[in-house]
Amino acid sequence: MDYIKANTAPRREDRLGTCIEFGGTVGGIAEPFCQGCLKNRRRSFSQGTICQLLPAVAILTSLQDTVVIVHGAIGCGGAAHALGANVRLGQWRGGDKNPRGALWLSTNLNERDVTSGGEEKLRQAIVEADKRYRPEAIVFLSTCVPGIIGDDIDGVARDLKDKVSAALLPVHCEGFKSKVMATAYDAIFHSFLRNLIDGSDETEFPVFDPEAAQASEAIRRKRLVNLLNVSSMTGPDQKELIRLLGKLGLEVNMLPCDAHPEAFRLAPLASLSVGVCPTHDDYFMSYLEKRYAVPYVGSHMPIGIENTGNWLRGVAAKVGQEAAAERIIAQEEAELGRALEPLRPKLKGKTCVLSAGEIRTLSTARLVQELGLEVLAVRPYHYDPFGQPEVERLSDVNPGIRLNVATAQPFEAVNILNRVEPDLYIGHNSDNVWAAKCGTAVLPIYGSNAIYSGYAGVFDVARRIHRHLENNSFNERLVKNVRQPYRESWYAEDPYKYIIGAELTA
Ligand code: SF4
(Lines give C-alpha, C1' and ligand atoms only; values in the text may rest on other atoms or scores of the structure.)
Protein backbone atom coordinates (compact mmCIF):
# COMPACT_ATOMS: atom_id res chain seq x y z
CA MET A 1 0.00 0.00 0.00
CA ASP A 2 1.30 3.47 -0.88
CA TYR A 3 1.25 5.29 2.43
CA ILE A 4 3.29 8.22 1.18
CA LYS A 5 0.35 10.12 -0.27
CA ALA A 6 -1.09 10.67 3.20
CA ASN A 7 0.19 13.45 5.44
CA THR A 8 1.13 11.01 8.17
CA ALA A 9 2.68 7.58 8.31
CA PRO A 10 0.39 4.84 9.65
CA ARG A 11 0.78 3.63 13.21
CA ARG A 12 3.01 0.61 13.64
CA GLU A 13 0.16 -1.12 15.44
CA ASP A 14 -1.87 -0.91 12.22
CA ARG A 15 0.90 -1.38 9.61
CA LEU A 16 2.74 -4.27 11.26
CA GLY A 17 0.53 -5.49 14.09
CA THR A 18 3.26 -4.41 16.52
CA CYS A 19 2.66 -5.21 20.17
CA ILE A 20 4.27 -3.95 23.36
CA GLU A 21 2.63 -6.31 25.84
CA PHE A 22 3.71 -9.91 26.15
CA GLY A 23 4.95 -12.14 28.92
CA GLY A 24 6.06 -15.68 28.15
CA THR A 25 8.95 -17.41 26.41
CA VAL A 26 10.80 -17.04 23.09
CA GLY A 27 9.31 -20.36 22.03
CA GLY A 28 5.79 -19.20 22.83
CA ILE A 29 5.29 -15.90 21.02
CA ALA A 30 5.12 -16.92 17.36
CA GLU A 31 1.69 -18.53 17.50
CA PRO A 32 -0.27 -15.84 19.39
CA PHE A 33 1.45 -13.10 17.36
CA CYS A 34 0.67 -14.70 14.00
CA GLN A 35 -2.92 -15.33 15.05
CA GLY A 36 -3.29 -11.65 15.92
CA CYS A 37 -3.93 -12.40 19.59
CA LEU A 38 -1.35 -9.84 20.76
CA LYS A 39 -2.91 -7.00 18.82
CA ASN A 40 -4.58 -4.32 20.94
CA ARG A 41 -3.43 -5.87 24.18
CA ARG A 42 -2.91 -3.45 27.03
CA ARG A 43 -1.72 -3.24 30.61
CA SER A 44 -4.14 -2.38 33.37
CA PHE A 45 -1.14 -0.76 35.10
CA SER A 46 1.74 0.82 33.22
CA GLN A 47 4.84 2.33 34.75
CA GLY A 48 6.94 4.51 32.51
CA THR A 49 7.00 4.20 28.76
CA ILE A 50 8.68 6.05 25.91
CA CYS A 51 6.90 8.64 23.79
CA GLN A 52 7.76 8.51 20.08
CA LEU A 53 9.03 12.08 20.38
CA LEU A 54 12.19 10.89 22.16
CA PRO A 55 13.67 8.79 19.32
CA ALA A 56 12.48 11.42 16.83
CA VAL A 57 14.33 14.21 18.63
CA ALA A 58 17.39 11.98 19.07
CA ILE A 59 17.63 11.38 15.31
CA LEU A 60 16.67 14.85 14.14
CA THR A 61 18.90 16.89 16.44
CA SER A 62 21.89 14.94 15.12
CA LEU A 63 21.29 16.21 11.56
CA GLN A 64 23.77 18.71 10.18
CA ASP A 65 22.70 22.21 9.15
CA THR A 66 19.17 21.59 10.45
CA VAL A 67 17.00 23.31 13.05
CA VAL A 68 14.43 21.24 14.95
CA ILE A 69 11.27 22.92 16.24
CA VAL A 70 9.23 21.00 18.78
CA HIS A 71 5.70 22.32 18.28
CA GLY A 72 4.04 21.74 21.61
CA ALA A 73 4.11 22.37 25.33
CA ILE A 74 7.50 23.28 26.77
CA GLY A 75 7.96 19.88 28.43
CA CYS A 76 7.79 18.01 25.11
CA GLY A 77 11.32 17.44 23.87
CA GLY A 78 12.79 18.14 27.29
CA ALA A 79 14.64 14.84 27.02
CA ALA A 80 16.68 16.46 24.24
CA HIS A 81 18.84 18.09 26.91
CA ALA A 82 20.22 14.66 27.73
CA LEU A 83 21.20 14.17 24.08
CA GLY A 84 23.36 17.29 23.85
CA ALA A 85 26.68 15.59 24.63
CA ASN A 86 26.08 12.90 22.00
CA VAL A 87 25.17 15.43 19.37
CA ARG A 88 28.30 17.48 20.12
CA LEU A 89 30.43 14.33 19.97
CA GLY A 90 28.92 13.43 16.58
CA GLN A 91 29.61 16.94 15.26
CA TRP A 92 33.15 16.83 16.57
CA ARG A 93 33.73 13.46 14.91
CA GLY A 94 32.36 14.91 11.71
CA GLY A 95 35.20 17.44 11.72
CA ASP A 96 33.60 20.39 13.56
CA LYS A 97 36.22 21.49 16.08
CA ASN A 98 33.81 23.90 17.75
CA PRO A 99 30.59 21.87 17.91
CA ARG A 100 27.53 23.83 18.98
CA GLY A 101 25.42 20.85 19.98
CA ALA A 102 21.75 20.24 19.30
CA LEU A 103 19.85 23.14 17.76
CA TRP A 104 16.23 22.83 18.80
CA LEU A 105 13.50 25.30 19.68
CA SER A 106 10.06 24.96 21.22
CA THR A 107 6.88 26.84 20.33
CA ASN A 108 6.01 26.65 24.04
CA LEU A 109 2.25 26.29 23.61
CA ASN A 110 0.17 27.40 26.61
CA GLU A 111 -3.47 27.18 27.70
CA ARG A 112 -4.51 30.07 25.46
CA ASP A 113 -2.99 28.38 22.41
CA VAL A 114 -4.98 25.24 23.21
CA THR A 115 -8.19 27.22 22.66
CA SER A 116 -7.08 29.61 19.92
CA GLY A 117 -4.67 27.37 17.96
CA GLY A 118 -0.90 27.18 17.73
CA GLU A 119 -0.28 27.62 13.99
CA GLU A 120 0.71 31.28 14.27
CA LYS A 121 3.35 30.50 16.88
CA LEU A 122 4.74 27.76 14.64
CA ARG A 123 4.81 30.12 11.66
CA GLN A 124 6.75 32.72 13.67
CA ALA A 125 9.18 30.10 14.97
CA ILE A 126 9.93 28.83 11.44
CA VAL A 127 10.50 32.32 10.03
CA GLU A 128 12.69 33.25 13.00
CA ALA A 129 14.73 30.02 12.76
CA ASP A 130 15.26 30.58 9.04
CA LYS A 131 16.38 34.18 9.58
CA ARG A 132 18.57 33.49 12.58
CA TYR A 133 20.33 30.26 11.58
CA ARG A 134 19.97 30.07 7.77
CA PRO A 135 19.79 26.25 7.92
CA GLU A 136 19.45 23.88 4.99
CA ALA A 137 16.35 22.35 6.60
CA ILE A 138 13.86 23.11 9.34
CA VAL A 139 12.09 20.10 10.83
CA PHE A 140 9.01 20.75 12.96
CA LEU A 141 7.44 18.06 15.05
CA SER A 142 3.79 17.98 15.95
CA THR A 143 3.23 16.79 19.53
CA CYS A 144 0.06 15.85 21.43
CA VAL A 145 -1.43 19.35 21.88
CA PRO A 146 -1.35 20.43 18.21
CA GLY A 147 -2.47 16.92 17.27
CA ILE A 148 -5.51 17.20 19.52
CA ILE A 149 -6.48 20.79 18.66
CA GLY A 150 -5.95 20.13 14.95
CA ASP A 151 -3.09 22.46 13.96
CA ASP A 152 -2.40 21.96 10.26
CA ILE A 153 1.40 21.75 10.23
CA ASP A 154 1.45 20.60 6.60
CA GLY A 155 -0.59 23.68 5.67
CA VAL A 156 1.93 25.89 7.51
CA ALA A 157 4.73 24.24 5.50
CA ARG A 158 2.89 24.89 2.23
CA ASP A 159 2.20 28.55 3.17
CA LEU A 160 5.83 29.25 4.04
CA LYS A 161 7.47 27.19 1.31
CA ASP A 162 8.32 30.19 -0.87
CA LYS A 163 8.89 32.60 2.01
CA VAL A 164 11.87 30.89 3.65
CA SER A 165 15.07 29.50 2.17
CA ALA A 166 15.22 26.28 4.24
CA ALA A 167 13.51 23.06 3.17
CA LEU A 168 10.48 22.59 5.45
CA LEU A 169 9.85 19.16 6.91
CA PRO A 170 6.69 18.65 9.00
CA VAL A 171 6.85 15.47 11.10
CA HIS A 172 3.75 14.03 12.78
CA CYS A 173 4.98 12.67 16.06
CA GLU A 174 2.05 13.02 18.46
CA GLY A 175 2.78 10.80 21.44
CA PHE A 176 -0.83 9.81 22.05
CA LYS A 177 -1.31 8.39 18.55
CA SER A 178 0.89 5.34 18.99
CA LYS A 179 2.11 3.32 21.94
CA VAL A 180 5.00 2.07 19.82
CA MET A 181 7.88 4.49 19.95
CA ALA A 182 9.34 3.00 16.75
CA THR A 183 6.47 4.71 14.90
CA ALA A 184 8.75 7.77 15.09
CA TYR A 185 11.13 6.20 12.54
CA ASP A 186 8.32 5.97 10.00
CA ALA A 187 7.13 9.50 10.83
CA ILE A 188 10.57 10.94 10.11
CA PHE A 189 11.25 8.94 6.95
CA HIS A 190 7.72 9.71 5.74
CA SER A 191 8.36 13.45 5.88
CA PHE A 192 11.86 13.25 4.41
CA LEU A 193 10.64 11.09 1.54
CA ARG A 194 7.68 13.37 0.77
CA ASN A 195 9.34 16.72 1.22
CA LEU A 196 13.05 16.31 0.59
CA ILE A 197 13.46 13.33 -1.73
CA ASP A 198 10.27 13.41 -3.80
CA GLY A 199 10.40 17.17 -3.29
CA SER A 200 6.73 17.67 -3.81
CA ASP A 201 3.50 18.14 -1.93
CA GLU A 202 0.58 15.75 -2.25
CA THR A 203 -0.78 17.51 -5.35
CA GLU A 204 2.21 16.74 -7.55
CA PHE A 205 3.49 13.29 -6.74
CA PRO A 206 5.90 11.74 -9.21
CA VAL A 207 4.38 8.63 -10.72
CA PHE A 208 6.76 5.68 -10.97
CA ASP A 209 7.97 5.49 -14.53
CA PRO A 210 9.92 2.31 -15.47
CA GLU A 211 11.71 4.09 -18.35
CA ALA A 212 12.86 6.89 -16.08
CA ALA A 213 13.96 4.28 -13.53
CA GLN A 214 16.03 2.56 -16.21
CA ALA A 215 17.57 5.85 -17.21
CA SER A 216 18.41 6.55 -13.60
CA GLU A 217 20.13 3.12 -13.49
CA ALA A 218 22.59 4.58 -15.95
CA ILE A 219 23.46 7.54 -13.75
CA ARG A 220 23.34 5.55 -10.54
CA ARG A 221 26.60 5.53 -8.68
CA LYS A 222 27.76 1.96 -8.97
CA ARG A 223 29.85 1.81 -5.83
CA LEU A 224 27.68 4.08 -3.66
CA VAL A 225 25.43 2.44 -1.07
CA ASN A 226 23.07 4.07 1.41
CA LEU A 227 24.01 2.87 4.88
CA LEU A 228 21.12 3.38 7.28
CA ASN A 229 22.34 4.03 10.80
CA VAL A 230 20.36 4.20 14.05
CA SER A 231 20.68 6.70 16.86
CA SER A 232 21.95 3.99 19.21
CA MET A 233 24.95 3.42 16.94
CA THR A 234 28.12 5.21 17.95
CA GLY A 235 30.83 6.82 15.82
CA PRO A 236 33.08 3.77 16.28
CA ASP A 237 30.15 1.54 15.20
CA GLN A 238 29.78 3.52 12.01
CA LYS A 239 33.52 3.38 11.37
CA GLU A 240 33.51 -0.41 11.73
CA LEU A 241 30.65 -0.85 9.25
CA ILE A 242 32.24 1.56 6.77
CA ARG A 243 35.46 -0.47 7.13
CA LEU A 244 33.65 -3.73 6.32
CA LEU A 245 31.77 -2.27 3.35
CA GLY A 246 35.02 -0.66 2.18
CA LYS A 247 36.56 -4.14 2.00
CA LEU A 248 33.90 -4.94 -0.61
CA GLY A 249 34.94 -1.80 -2.48
CA LEU A 250 31.81 0.17 -1.56
CA GLU A 251 31.45 3.86 -0.70
CA VAL A 252 28.91 4.91 1.89
CA ASN A 253 26.17 7.54 1.96
CA MET A 254 25.28 7.41 5.67
CA LEU A 255 21.86 8.47 6.92
CA PRO A 256 19.70 9.43 8.75
CA CYS A 257 21.71 10.12 11.94
CA ASP A 258 24.47 12.76 11.76
CA ALA A 259 23.66 13.25 8.06
CA HIS A 260 23.36 16.46 6.07
CA PRO A 261 19.98 16.89 4.31
CA GLU A 262 21.92 16.48 1.05
CA ALA A 263 22.52 12.82 1.96
CA PHE A 264 18.76 12.23 1.64
CA ARG A 265 18.68 13.87 -1.79
CA LEU A 266 21.56 11.63 -2.87
CA ALA A 267 19.86 8.45 -1.61
CA PRO A 268 17.86 7.65 -4.82
CA LEU A 269 21.12 7.65 -6.80
CA ALA A 270 22.77 4.92 -4.74
CA SER A 271 23.05 1.42 -6.17
CA LEU A 272 21.85 -0.26 -2.98
CA SER A 273 20.42 0.55 0.46
CA VAL A 274 21.97 -1.35 3.36
CA GLY A 275 19.99 -1.44 6.58
CA VAL A 276 21.33 -2.24 10.01
CA CYS A 277 17.96 -2.81 11.68
CA PRO A 278 14.91 -4.02 9.75
CA THR A 279 12.46 -2.53 12.22
CA HIS A 280 14.13 0.87 11.84
CA ASP A 281 14.83 0.98 8.12
CA ASP A 282 12.12 -0.89 6.23
CA TYR A 283 9.80 2.08 5.62
CA PHE A 284 12.54 4.11 3.95
CA MET A 285 14.33 1.36 2.07
CA SER A 286 11.18 -0.25 0.69
CA TYR A 287 9.95 3.11 -0.60
CA LEU A 288 13.30 3.83 -2.31
CA GLU A 289 13.07 0.46 -4.00
CA LYS A 290 9.50 0.94 -5.11
CA ARG A 291 9.79 4.52 -6.32
CA TYR A 292 13.42 4.76 -7.44
CA ALA A 293 14.33 1.10 -8.06
CA VAL A 294 17.10 1.14 -5.45
CA PRO A 295 17.28 -2.45 -4.11
CA TYR A 296 17.90 -3.06 -0.44
CA VAL A 297 19.23 -5.56 2.06
CA GLY A 298 18.68 -5.33 5.74
CA SER A 299 17.33 -8.37 7.49
CA HIS A 300 20.25 -8.64 9.94
CA MET A 301 21.67 -6.23 12.49
CA PRO A 302 25.49 -6.54 12.28
CA ILE A 303 25.85 -7.28 15.99
CA GLY A 304 27.40 -10.65 16.82
CA ILE A 305 29.57 -13.02 14.79
CA GLU A 306 26.88 -14.86 12.85
CA ASN A 307 24.81 -11.70 12.29
CA THR A 308 27.76 -9.69 10.99
CA GLY A 309 28.69 -12.50 8.59
CA ASN A 310 25.11 -12.76 7.33
CA TRP A 311 24.87 -8.99 6.99
CA LEU A 312 28.03 -8.92 4.84
CA ARG A 313 26.87 -11.90 2.79
CA GLY A 314 23.57 -10.13 2.10
CA VAL A 315 25.35 -7.03 0.81
CA ALA A 316 27.86 -9.07 -1.21
CA ALA A 317 25.09 -11.06 -2.91
CA LYS A 318 23.57 -7.81 -4.21
CA VAL A 319 26.84 -6.45 -5.58
CA GLY A 320 28.26 -9.73 -6.96
CA GLN A 321 31.05 -10.01 -4.39
CA GLU A 322 30.12 -13.32 -2.72
CA ALA A 323 33.58 -14.88 -2.94
CA ALA A 324 35.27 -11.75 -1.59
CA ALA A 325 32.79 -11.67 1.30
CA GLU A 326 33.57 -15.26 2.26
CA ARG A 327 37.30 -14.46 2.28
CA ILE A 328 36.74 -11.36 4.44
CA ILE A 329 34.47 -13.23 6.88
CA ALA A 330 36.93 -16.12 7.26
CA GLN A 331 39.82 -13.76 7.89
CA GLU A 332 37.89 -11.55 10.35
CA GLU A 333 36.47 -14.52 12.27
CA ALA A 334 39.90 -16.14 12.58
CA GLU A 335 41.40 -12.93 13.94
CA LEU A 336 38.48 -12.41 16.32
CA GLY A 337 38.67 -16.02 17.49
CA ARG A 338 42.31 -15.52 18.53
CA ALA A 339 41.47 -12.28 20.34
CA LEU A 340 38.58 -13.91 22.23
CA GLU A 341 40.54 -16.97 23.38
CA PRO A 342 41.69 -15.59 26.76
CA LEU A 343 38.23 -14.13 27.52
CA ARG A 344 36.05 -17.14 26.72
CA PRO A 345 36.79 -19.23 29.85
CA LYS A 346 35.95 -16.23 32.02
CA LEU A 347 32.57 -15.64 30.36
CA LYS A 348 31.46 -19.25 29.96
CA GLY A 349 28.35 -20.14 31.95
CA LYS A 350 27.62 -16.61 33.21
CA THR A 351 23.97 -15.65 32.97
CA CYS A 352 22.41 -12.59 31.40
CA VAL A 353 19.17 -10.62 30.90
CA LEU A 354 18.86 -8.03 28.13
CA SER A 355 16.58 -5.12 27.34
CA ALA A 356 16.40 -2.43 24.58
CA GLY A 357 14.82 -1.90 21.17
CA GLU A 358 13.52 -5.07 19.53
CA ILE A 359 16.26 -6.10 17.10
CA ARG A 360 19.02 -4.62 19.24
CA THR A 361 18.01 -6.75 22.23
CA LEU A 362 17.59 -9.95 20.26
CA SER A 363 20.82 -9.57 18.23
CA THR A 364 22.85 -8.73 21.33
CA ALA A 365 21.34 -11.76 23.06
CA ARG A 366 22.65 -13.90 20.22
CA LEU A 367 26.05 -12.23 20.58
CA VAL A 368 26.30 -13.06 24.29
CA GLN A 369 25.27 -16.64 23.53
CA GLU A 370 28.14 -16.78 21.04
CA LEU A 371 30.45 -15.64 23.84
CA GLY A 372 29.31 -18.56 26.02
CA LEU A 373 26.88 -16.77 28.34
CA GLU A 374 23.45 -18.18 29.06
CA VAL A 375 20.55 -15.86 28.21
CA LEU A 376 17.82 -16.13 30.85
CA ALA A 377 15.43 -13.42 29.66
CA VAL A 378 15.03 -10.81 26.91
CA ARG A 379 12.92 -7.66 27.20
CA PRO A 380 12.51 -5.97 23.77
CA TYR A 381 10.60 -2.66 23.78
CA HIS A 382 8.23 -3.96 21.14
CA TYR A 383 7.63 -6.99 18.93
CA ASP A 384 6.77 -7.12 15.22
CA PRO A 385 7.34 -9.54 12.28
CA PHE A 386 10.99 -8.43 11.96
CA GLY A 387 11.74 -9.90 15.38
CA GLN A 388 10.51 -13.37 14.45
CA PRO A 389 13.72 -14.74 12.84
CA GLU A 390 15.79 -13.43 15.76
CA VAL A 391 13.47 -14.99 18.33
CA GLU A 392 13.55 -18.29 16.44
CA ARG A 393 17.34 -18.40 16.62
CA LEU A 394 17.25 -17.82 20.39
CA SER A 395 14.53 -20.42 20.66
CA ASP A 396 16.70 -22.95 18.81
CA VAL A 397 19.21 -22.69 21.67
CA ASN A 398 16.60 -22.62 24.43
CA PRO A 399 12.86 -22.16 23.81
CA GLY A 400 12.35 -21.51 27.51
CA ILE A 401 14.17 -18.15 27.55
CA ARG A 402 11.78 -15.67 29.14
CA LEU A 403 10.41 -13.04 26.79
CA ASN A 404 8.87 -9.88 28.22
CA VAL A 405 7.80 -7.37 25.55
CA ALA A 406 7.72 -4.07 27.41
CA THR A 407 8.67 -0.47 26.76
CA ALA A 408 10.31 0.31 30.13
CA GLN A 409 7.86 -1.12 32.73
CA PRO A 410 10.53 -1.42 35.44
CA PHE A 411 8.16 -3.18 37.85
CA GLU A 412 8.08 -6.17 35.50
CA ALA A 413 11.87 -6.00 35.07
CA VAL A 414 12.67 -6.15 38.78
CA ASN A 415 10.18 -8.94 39.35
CA ILE A 416 11.87 -11.02 36.62
CA LEU A 417 15.35 -10.16 37.92
CA ASN A 418 14.32 -11.28 41.37
CA ARG A 419 13.29 -14.65 39.99
CA VAL A 420 16.16 -15.41 37.61
CA GLU A 421 19.03 -13.62 39.45
CA PRO A 422 21.35 -13.12 36.45
CA ASP A 423 25.04 -12.27 36.70
CA LEU A 424 24.61 -9.47 34.18
CA TYR A 425 21.97 -7.08 32.82
CA ILE A 426 22.55 -5.43 29.44
CA GLY A 427 20.28 -2.52 28.61
CA HIS A 428 19.98 1.20 28.12
CA ASN A 429 20.98 3.25 31.16
CA SER A 430 17.33 4.05 31.91
CA ASP A 431 16.74 0.29 32.37
CA ASN A 432 20.11 -0.54 33.88
CA VAL A 433 19.51 1.64 36.91
CA TRP A 434 16.81 -0.77 38.10
CA ALA A 435 19.07 -3.78 37.68
CA ALA A 436 21.91 -1.97 39.45
CA LYS A 437 19.60 -1.34 42.41
CA CYS A 438 19.01 -5.11 42.53
CA GLY A 439 22.79 -5.59 42.84
CA THR A 440 23.22 -7.02 39.32
CA ALA A 441 26.26 -6.08 37.23
CA VAL A 442 25.18 -3.92 34.30
CA LEU A 443 26.57 -3.18 30.84
CA PRO A 444 25.16 -0.29 28.78
CA ILE A 445 23.84 -1.54 25.44
CA TYR A 446 24.75 1.82 24.00
CA GLY A 447 27.46 4.34 24.89
CA SER A 448 28.88 7.28 22.98
CA ASN A 449 32.41 5.93 22.70
CA ALA A 450 31.84 2.19 22.85
CA ILE A 451 31.59 -0.16 19.90
CA TYR A 452 29.03 -2.94 19.47
CA SER A 453 28.83 -3.53 15.71
CA GLY A 454 30.83 -5.79 13.45
CA TYR A 455 33.75 -7.95 14.51
CA ALA A 456 35.42 -5.19 16.50
CA GLY A 457 32.14 -4.84 18.43
CA VAL A 458 32.10 -8.51 19.43
CA PHE A 459 35.55 -8.23 20.94
CA ASP A 460 34.80 -4.97 22.71
CA VAL A 461 31.53 -6.25 24.20
CA ALA A 462 33.34 -9.38 25.45
CA ARG A 463 36.09 -7.27 26.99
CA ARG A 464 33.62 -4.96 28.73
CA ILE A 465 31.40 -7.80 30.00
CA HIS A 466 34.46 -9.40 31.52
CA ARG A 467 35.45 -6.15 33.22
CA HIS A 468 31.97 -5.59 34.68
CA LEU A 469 31.72 -9.17 35.95
CA GLU A 470 35.19 -9.04 37.48
CA ASN A 471 34.29 -6.15 39.72
CA ASN A 472 30.64 -5.53 40.60
CA SER A 473 31.35 -4.22 44.08
CA PHE A 474 29.58 -0.89 43.47
CA ASN A 475 26.22 -2.51 42.68
CA GLU A 476 26.71 -5.12 45.40
CA ARG A 477 27.01 -2.29 47.91
CA LEU A 478 24.27 -0.26 46.25
CA VAL A 479 21.64 -2.92 46.88
CA LYS A 480 22.45 -2.80 50.59
CA ASN A 481 22.06 0.97 50.74
CA VAL A 482 19.00 1.79 48.62
CA ARG A 483 15.36 1.47 49.49
CA GLN A 484 13.54 -0.56 46.82
CA PRO A 485 10.42 1.15 45.49
CA TYR A 486 8.33 -2.04 45.50
CA ARG A 487 6.76 -3.94 48.37
CA GLU A 488 8.08 -7.45 49.07
CA SER A 489 4.65 -8.78 48.11
CA TRP A 490 5.15 -7.66 44.50
CA TYR A 491 8.00 -10.13 44.01
CA ALA A 492 5.66 -13.00 44.85
CA GLU A 493 3.14 -11.88 42.21
CA ASP A 494 3.23 -12.92 38.57
CA PRO A 495 5.33 -10.33 36.66
CA TYR A 496 2.69 -10.20 33.92
CA LYS A 497 -0.26 -9.79 36.28
CA TYR A 498 -1.19 -6.44 34.73
CA ILE A 499 -1.07 -7.52 31.08
CA ILE A 500 -4.72 -8.00 30.21
CA GLY A 501 -5.25 -11.32 28.47
CA ALA A 502 -1.84 -12.71 29.40
CA GLU A 503 -1.56 -16.24 30.64
CA LEU A 504 0.19 -16.01 33.99
CA THR A 505 3.48 -17.82 33.83
CA ALA A 506 5.50 -17.26 36.98
S1 SF4 B 1 3.28 12.08 25.09
FE2 SF4 B 1 2.60 13.95 24.03
S3 SF4 B 1 2.73 15.55 25.58
FE4 SF4 B 1 3.99 13.84 26.32
S5 SF4 B 1 6.07 14.29 25.56
FE6 SF4 B 1 5.07 12.97 24.04
S7 SF4 B 1 4.22 14.43 22.55
FE8 SF4 B 1 4.65 15.61 24.41
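**Domains, core and ligand shell**

In this predicted model, 26 residues of domain 1 are in contact with 17 residues of domain 2. On the domain 1 side of that meeting, the elements that put in two or more residues are α3 (53-60), α4 and α9. Helix α9 gives the most here, with eight residues. Sorted by class, this side of domain 1 comes out at 17 nonpolar, five polar and four charged residues.

Next comes the core. The largest nonpolar core takes in 145 residues, and within it A56, V57, I138, I188, V375 and V378 touch the most other members. Helix α9 (residues 183-197) turns up again, giving the most to this core with nine residues. In general terms, nonpolar side chains tend to be buried together in soluble globular proteins. V375 makes a handy example from this core: leaving out residues up to four places away in sequence, V375 touches C352, L354, A365, V368, Q369, L394 and I401.

The ligand has its own set of neighbours, made up of C51, L53, G72, C76, T143, C144, E174, G175 and F176. Split by class, that shell holds five nonpolar residues, three polar ones and one charged. G75 is found in the loop that runs between β2 (66-71) and α4 (84-93). With 11 C-beta neighbours inside 10 Å, where 12 or fewer is the cut-off for exposed, G75 counts as exposed. Although 31 residues separate G75 from S106 in sequence, their C-alpha atoms are 9.1 Å apart in space.

Turning to strands, there is an open sheet of four, in the order β7-β6-β8-β9, with parallel pairing. The edges are taken by β7 (251-255) and β9 (296-297), and each has a single partner strand, so one side of each goes without a neighbour in the sheet. Five bridges link β6 (residues 221-228) to β7 in the parallel sense.

Most peptide bonds are trans, and most residues other than glycine have a negative phi. L255 and P256, however, are joined by a cis peptide bond, with omega at about 5 degrees. P256 sits in the loop between β7 and α12 (261-266). Two residues other than glycine show positive phi: N108, near 50 degrees, and A293, near 60 degrees. N108 belongs to the loop between β3 (104-106) and α5 (111-116), while A293 is in the loop between α13 (278-292) and β9. Are these two buried, exposed or something in between? N108 has 16 C-beta neighbours inside 10 Å and so counts as partly exposed. A293, with 16 other C-beta atoms within 10 Å, is partly exposed too.

Conventions:
Residues numbered from 1 in each chain as written. Predicted model: local features only at pLDDT ≥ 70, side-chain atom pairs only at ≥ 80, totals over all residues. Near = placed C-beta within 6 Å. Nonpolar A, V, L, I, M, F, W, Y, C, P; charged D, E, K, R; others polar. Pairing = 2+ DSSP bridges. Core = buried A, V, L, I, M, F, W, Y, C linked by C-beta atoms within 7 Å. Buried ≥ 20, exposed ≤ 12 C-beta atoms within 10 Å, placed from the backbone. Contact = placed C-beta atoms within 7 Å.
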